[in-house]
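Here are some notes for a colleague who has not looked at this model before. Please read them beside the structure.

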Amino acid sequence: MRRFGILFVLGGGLFVLATALMSQTKKPAQGGLAAQMTRGKQVYLEQCLACHQVDAGGVSGMNPPLIKTKQVLGDKAALIKIVLNGMQGVDIGDESYNGVMAPHPDLTDQQIADVLTYVRNSFGNKASAVTAAQVKTVRATNKPAAQ
């Protein structure tokens, strides 16, 4: 009987230990604007920084700025399509930008939502968040331009 009691205590202790370890290895919370901004900044650093620069000011004549432009602050579906399809040539204010932005269909809906929310709420911008559901809807009906 004593062995059974020890095994039960050990078994129960292992269960408690396993539960405690599992609770410490869960992914961070998926919700909230702060979490979305943190994830979005990481995507920006990995995917956007080289062309749009650390301050999102872009490169004159090549890559447009992401600061207070109608493309960034305006229609979310149009902005999502820019990320999905890429773009070439855009006029912002009095300046033309002729660089080529590669399409990013490889990014997940959540990554696109996160990076666009980050850009729309950084660099002096203030706009509503983009959700993964909005990206999913646009992606489902998206028809990239023929190459």
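1. The largest pocket has a volume of about 460 Å³. A pocket here is an open set of points on a 1 Å grid over the protein atoms alone, where a 1.4 Å probe fits, with protein on both sides within 12 Å along at least five of seven lines; lining residues have an atom within 4 Å of a point. The volume is the space filled by probe spheres set on the points.

2. The model is predicted: local features need pLDDT of at least 70 and side-chain atom pairs pLDDT 80 or more, while totals for chains, interfaces and linings use all residues. Residues are numbered from 1 along each chain, and side-chain values use heavy atoms, without hydrogens or water.

3. The pocket is lined by 30 residues, and His52, Leu66, Ile82, Val83 and Met101 are the closest to its centre. By class, the lining has 21 nonpolar, 9 polar and no charged residues.

4. Which element gives the most to this lining? Strand β1 does, with 5 residues. At least two residues each come from α2, α3, α4, β1, β2 and α5. Helices (H or I, at least four residues) and strands (E, at least two) are DSSP runs, numbered from the N terminus.

5. Across the chain of 147 residues, 32% are buried.

Terms used
Buried < 20%, exposed > 50% of the residue type's maximum accessible area, 1.4 Å probe, protein only. Nonpolar A, V, L, I, M, F, W, Y, C, P; charged D, E, K, R; others polar.
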